[in-house]
Amino acid sequence: MANTKSYYYIEGNTVREVLPEQAPIERERRRRHIDQQTRRNRQRAKSLSAGTVAFMTGALVALGLVAAVYLHLQADVRELKSNNVTMQNELISMQDANDAYEKEIETSVSLTDIKKKAIKELGMQYPSADQIVYYNVESKDYMQQYADIP
């Protein structure tokens, strides 16, 4: 053991290992072997098989189709929302116009004018006593009254 030299090296950790004299040669051979294997793995990783390319192309086309359909549906939703707002605005304006017309009709005709026209132009008369019919309501019957009777 007088002629053997010891070498120290660090591999992945800070622990030193004492190796005999052949260690640098072994280490170099192992490094070359790892380098060759790494080169082969890198070459395999760089090259793509036809199946992988076909799969990726199909996935890309499918993704493009899904994106196009999504954008089309999103545009349809926006258009429907816009139409909905337009129709709501039309409804509000029609309701306002209807309320205005109803107020105009209510204020333009009075009950006294109707009574005068009915008596004078149409020849209507108040009922006589023999034309009035009274009736009794039994407890089993019912009646819904929507307005006060004058």
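## The tail segment

Q125 sits in the segment that follows α3 (111–120). Q125 counts as exposed because its relative accessibility is 73%, and exposed means over 50%. How far apart are Q125 and K115 in sequence and in space? They are separated by 10 residues in sequence. From C-alpha to C-alpha, the distance in space is 10.0 Å.

## Overall layout

This is a predicted model. The protein contains 3 helices and 2 strands. Along the sequence, these elements follow the order β-β-α-α-α.

How much of the protein is buried? Of its 150 residues, 3% count as buried. The protein exposes about 15,000 Å². Carbon and sulfur atoms supply 58% of that area.

## Confidence

The mean pLDDT of the protein is 81. A value of 70 or more is reached by 75% of the residues. Where is confidence lowest, and where is it highest? Strand β1 (residues 7–9) has the lowest confidence, with a mean of 53. Helix α2 has the highest, at 94.

## A nonpolar patch

Four residues form a nonpolar patch on the surface: L48, V53, F55 and M56. Together they have about 430 Å² of accessible area.

Take L48 as one member of this patch. L48 is found in the loop between α1 (23–46) and α2 (50–108). Is L48 buried or exposed? Its relative accessible area is 52%. The cut-off for exposed is over 50%, so L48 counts as exposed.

## A negative patch

The surface also carries a patch of negative charge. Which residues gather there? They are D96, D99, E102 and E106.

E102 lies in helix α2, where the mean confidence is 94. E102 has a relative accessibility of 44%. Partly exposed covers the range between under 20% for buried and over 50% for exposed, so E102 counts as partly exposed.

Key. Residues are numbered from 1 along each chain as its sequence is written. This is a predicted model: local features need pLDDT of at least 70, side-chain atom pairs count only at pLDDT 80 or more; totals for chains, interfaces and linings use all residues. Side-chain values use heavy atoms; hydrogens and water are left out. Patches are made of residues with over 30% relative accessible area and no salt bridge: like charges are joined within 9 Å, nonpolar side chains (Val, Leu, Ile, Met, Phe, Trp, Tyr) within 5 Å. Accessible areas come from the Shrake-Rupley method with a 1.4 Å probe; for residues, only the protein chains shown count as cover. A salt bridge is a side-chain nitrogen of Lys or Arg within 4 Å of a carboxyl oxygen of Asp or Glu. Helices (H or I, at least four residues) and strands (E, at least two) are DSSP runs, numbered from the N terminus. Buried means under 20% relative accessible area, exposed over 50%, partly exposed in between (1.4 Å probe, protein chains only). Lys and Arg count as positive and Asp and Glu as negative; His and the chain ends are not counted. The place of a charge is taken as NZ of Lys, CZ of Arg, CG of Asp or CD of Glu. pLDDT is the predictor's confidence in each residue, from 0 to 100.
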